Amino acid sequence: MSQPKKGRIIFHVDMNSFYASVEMAYEPKLKGKPLAIAGNPEERKGIVVTSSYEARAKGVKTTMQLWQARKLCPELIVLRPNFDRYRAASKEIFQILAEITRYVQPVSIDEGYMDVTCTEKHGSPIEIAQNLQKKISNELDLPCSIGIAPNKFLAKMASDMKKPMGITILRKRDISEKLWPLPIEEMYGVGEKTAKKLRTFDINTIDDLASGDPYQLKQILGINGERLQNKANGIDMRPVDPDAVHEFKSIGSSQTLPEDTIDEAEIRKLMHQLAENVERRMKRKQAAGQSVQIMIRYHDHKTITRSKKLHHFIESKSDILQFANELFQEHWNLEPIRLLGITVQDVDEKKNIAKQLDLFTYEQEAEKEKLYEAIDNLSQKYGKNLFKQLRNDDREEEQPRTSFQKDFLDDFKK
């Protein structure tokens, strides 16, 4: 694949079994053994965060309860997550990617996109990918897979096709052979519920989606039907945006209970923990939000989400918990609960919120929500940013994460 005169060349770099691989890099004697990272290895009720390929070969899966994993793989080695170690490794990985191009977009702690269209000095795309893979392996002792394609969607699909340590090129002319025969569930962006809907209408493969009736897809999935059909046909115009990592609209936390329960004391305890997690993330981002959402997953996997729009911005645990509890009490049907989640939505940075509030609204909000810093000499300051900013030495450095990784990286950090 040589450098084209027109068109983009996008990489999707995906670290293989990242947490387990980092532990193996620190402790080489773990290599080649079935390894799982779990939130609470000492207790039967711990949940698998990730596992090595040797463990996966025995049936061990992410989010599986530890007792189930050990039943499938009695020789399983289980470690607690080491978050500082994973963050440090992630930072080094993205520094290596940035040596190739400034167009790097992290999408989680262990994956990101690169636009290498104008990087001829580093070689052909395949040479760049090989050298990148080799450098990460040699310097950090970590495996990764790389997808090479003309857009982000195809690059993401390509990186999943060969693991671990794979390099896959997926051109538009190849999609009928390499992409379309895949089951609809394997398409990035199609979750379990969407796949179930599509299968109801006899859309079973990516090919079926690509050639489906656009009107029918819109009826089934709304505007997302058109987006997914475009991607299935290899169309994705999204740029690799290094600044996208700073954008966030919601901040949430969810956790699976050790066992399905209707015990209100246990539920209340978890609600407190989730609200605390959300508050911590809000503070880290110096942000506030104007909607609260709860998610309840029942014993039969039926899941509901309910939200409430507020007249004011909130950020504190007490406020988050108050509105989450109101929603919970209103919508819980008293059946056993498997998972709970709390999310604050319509989130923005405080410095941006300040610009939207006039003097009187600001003072009311500050007193009511305990949201803003004390107002000193307000009359001299207004019109400026009224919020104290975190000092650089107080701001925690971290890589962006997917919601799943966010939950585990923060919820288990006790």
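## Conventions

Helices (H or I, at least four residues) and strands (E, at least two) are DSSP runs, numbered from the N terminus. The model you are looking at is predicted, and local features need pLDDT of at least 70, side-chain atom pairs count only at pLDDT 80 or more, while totals for chains, interfaces and linings use all residues. Residues are numbered from 1 along each chain as its sequence is written, and side-chain values use heavy atoms, with hydrogens and water left out.

Let's start in the loop between helix H6 (152–159) and strand S8 (167–169), where Pro164 is found. Lys163 and Pro164 are joined by a cis peptide bond, with omega at about -10 degrees.

Thr63 has a positive phi, near 75 degrees, and sits in the loop between helix H2 (53–56) and helix H3 (66–72). With a relative accessible area of 44%, Thr63 is partly exposed (buried means under 20% relative accessible area, exposed over 50%, partly exposed in between, using a 1.4 Å probe and protein chains only). His301 also has a positive phi, near 75 degrees, and its place is the loop between strand S10 (287–298) and strand S11 (303–314). His301 is exposed, at a relative accessible area of 51%.

Helix H10 (residues 214–221) has Leu217, Ile220 and Leu221 as its buried residues. They lie on the same side of H10 because they cover an arc of only 70 degrees around the axis (the arc being that of the directions from the helix axis to the C-beta atoms). The other side of H10 has Tyr215, Lys218 and Gln219, which are exposed. What covers the buried residues of H10 includes helix H8 (192–200), helix H9 (206–210) and helix H11 (223–232), where contact means heavy atoms within 4.5 Å.

Asp213 caps the N-terminal end of H10, with a side-chain oxygen 3.1 Å from the backbone nitrogen of Tyr215. A polar contact here is a pair of N or O atoms within 3.5 Å; within protein, one must be able to donate a hydrogen and the other to accept it, and residues adjacent in sequence count only if both atoms are side-chain atoms. After H10 comes Gly222, which has a positive phi, near 70 degrees.

Ala232 has its place in helix H11. This alanine is buried, with a relative accessible area of 0%. Leaving aside neighbours within four places in sequence, the contacts of Ala232 are Phe153, Ile175, Leu179, Trp180, Met187, Ile206, Leu209 and Ala210. Although Ala232 and Leu154 are 78 residues apart along the chain, their C-alpha atoms are separated by 8.9 Å.

How many of the nine residues of helix H1 (residues 18–26) are buried? Seven are, and the helix is mostly covered. The buried residues in H1 are Phe18, Tyr19, Ala20, Ser21, Val22, Glu23 and Met24.

## Salt bridges

Side chains of opposite charge can pair when their charged atoms come close. The structure holds 16 salt bridges, each defined as a side-chain nitrogen of Lys or Arg within 4 Å of a carboxyl oxygen of Asp or Glu. One of them is formed by the side chains of Glu99 and Lys135, at 3.6 Å from N to O. This pair links distant parts of the chain, with Glu99 in the loop between helix H4 (83–98) and strand S5 (104–108) and Lys135 in helix H5 (residues 125–140), 36 residues apart. Both partners are partly exposed: Glu99 has a relative accessible area of 48%, and Lys135 has 27%.

Asp260 and Arg338 form another salt bridge, in which the closest N and O atoms are 4.0 Å apart. Asp260 lies in strand S9 (residues 251–261) and Arg338 in strand S12 (residues 337–345), so this pair ties together parts 78 residues apart in sequence. Glu276 and Lys317 also meet through their side chains in a salt bridge, at 3.4 Å from N to O. Because Glu276 lies in helix H12 (residues 264–284) and Lys317 in helix H13 (residues 317–331), the pair ties together parts that are 41 residues apart in sequence.
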